[in-house]
Amino acid sequence: MNDARVILALAAEADDKFIWDRLKNIQTEMFAAGPVQIKFAYFGREGAAQVRPCITTRWITDADDMGEIMDRGRAACVCGCFVNVGDILDQALREAQQAPVQAVVIVGDHFRTDDHAVTTAKRLRAAGTRLFLFQHDHDPSSYSEQTFQTLAELTGGAYFQLNPHIERVAERLPSMLEAVTHYAIGGTDALAQAQDNDSALLLLDQILERQQISQKE
C-alpha cells in the first residue's frame with residue numbers, strides 16, 4: 001500500500017511568524033502519525049508583477065527534511081500582501097490527477113474572489129481529495145469565512161476557525177493536524193478509533209455530517 005499523501009499549505013497574508021513556527025513543529029507530529037508523504041505549499045517573495053507566487057515543495061517523507069525546507073521558505077517569505085488561495089487548489093488538483101491525494105490542509109486568514117475555486121473544489125472531491133481549512137485571526141469581512149466553509153462542504157472536509165487572541169492555538173492546532181493525518185492514512189475508521197482525541201472526534205463529526213448531506217442531495 002502506498003503512503004498517504006497530504007498537502008500542507010500556509011496561506012496567510014498577515015505576517016504571522018507564530019503560525020509559521022507552529023507549523024514547523026507540528027509537521028513532526030504529522031509524520032509520527034504513520035506512513036505519509038507531505039508536500040508543503042506557501043507564498044514566496046513578491047515578484048516584479050506585484051504577485052506573490054505559490055511555491056510547492058517535492059513530496060517529503062522525513063520531518064527533519066521538512067523542517068529544513070520550511071526554514072528556507074520562511075527566509076524568502078515577505079508577508080502582509082495578497083495571496084491567492086486558489087493557486088493551492090489548482091496545484092492540489094494537478095497532484096490528485098497524477099496520484100491520490102487524501103487531504104489538503106490550508107492554514108490561512110483571507111480568501112479573495114476566485115471564480116474557479118468552487119469548480120476546482122468539486123473536481124478535488126471527485127478525485128477523492130478533501131479540504132481541511134483552518135482560518136486564523138479575525139477577518140473583518142464574512143466573505144472569507146463563508147468561502148472556506150463552502151470549500152470544505154463541497155469536498156466533504158472540515159472547517160475550523162482559530163483565533164489566537166481567544167484560544168491557545170499552540171495547543172489545539174497540533175492535535176487537529178495530527179487528526180487530519182490519521183484520516184489521510186486510515187479514513188474515518190481511524191478517526192473513530194481515536195476516542196481519546198477530541199480533535200479527531202470533532203473532525204469525524206464534520207466529515208460524517210457532510211456525507212449525510214451529500215447522500216440526501
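This is a predicted model: local features need pLDDT of at least 70, side-chain atom pairs count only at pLDDT 80 or more; totals for chains, interfaces and linings use all residues.
Residues are numbered from 1 along each chain as its sequence is written, and side-chain values use heavy atoms, with hydrogens and water left out.

The protein chain has seven helices and six strands, where helices (H or I, at least four residues) and strands (E, at least two) are DSSP runs numbered from the N terminus. Of its 217 residues, 50% count as buried, meaning under 20% relative accessible area with a 1.4 Å probe, protein chains only, whereas exposed means over 50% and partly exposed lies in between.

Turning to H4 itself, which spans residues 117-126, the buried residues are Ala117, Thr120, Ala121 and Leu124. Seen down the axis of H4, these fall within an arc of 100°, so they line one face of the helix; the arc is taken from the directions from the helix axis to the C-beta atoms. The face turned away from that buried side carries Lys122 and Ala126, which are exposed. As for what the buried residues pack against, the partners are helix H3 (85-98), strand S5 (130-136) and helix H5 (142-155), with contact meaning heavy atoms within 4.5 Å.

The axes of H3 and H4 come within 10 Å and cross at roughly 25°, the axes being lines fitted to C-alpha atoms, for helices over the stretch in contact, with angles running from 0 to 180 degrees between N-to-C directions. H3 and H4 are therefore roughly parallel to each other, a term for angles under 35 degrees. On the H3 side, Leu89, Asp90, Ala92, Leu93, Ala96 and Gln97 meet Ala117, Thr120, Arg123 and Leu124 of H4.

H5 is the other helix to consider. H4 and H5 pack at an angle of about 30°, with their axes 8 Å apart, and they are therefore also roughly parallel to each other. The contact is made by Ala117, Val118, Ala121, Lys122, Leu124 and Arg125 of H4, together with Leu151, Leu154 and Thr155 of H5.

Key: Angles under 35 degrees count as roughly parallel, over 145 as roughly antiparallel, 65 to 115 as roughly perpendicular and the rest as oblique.
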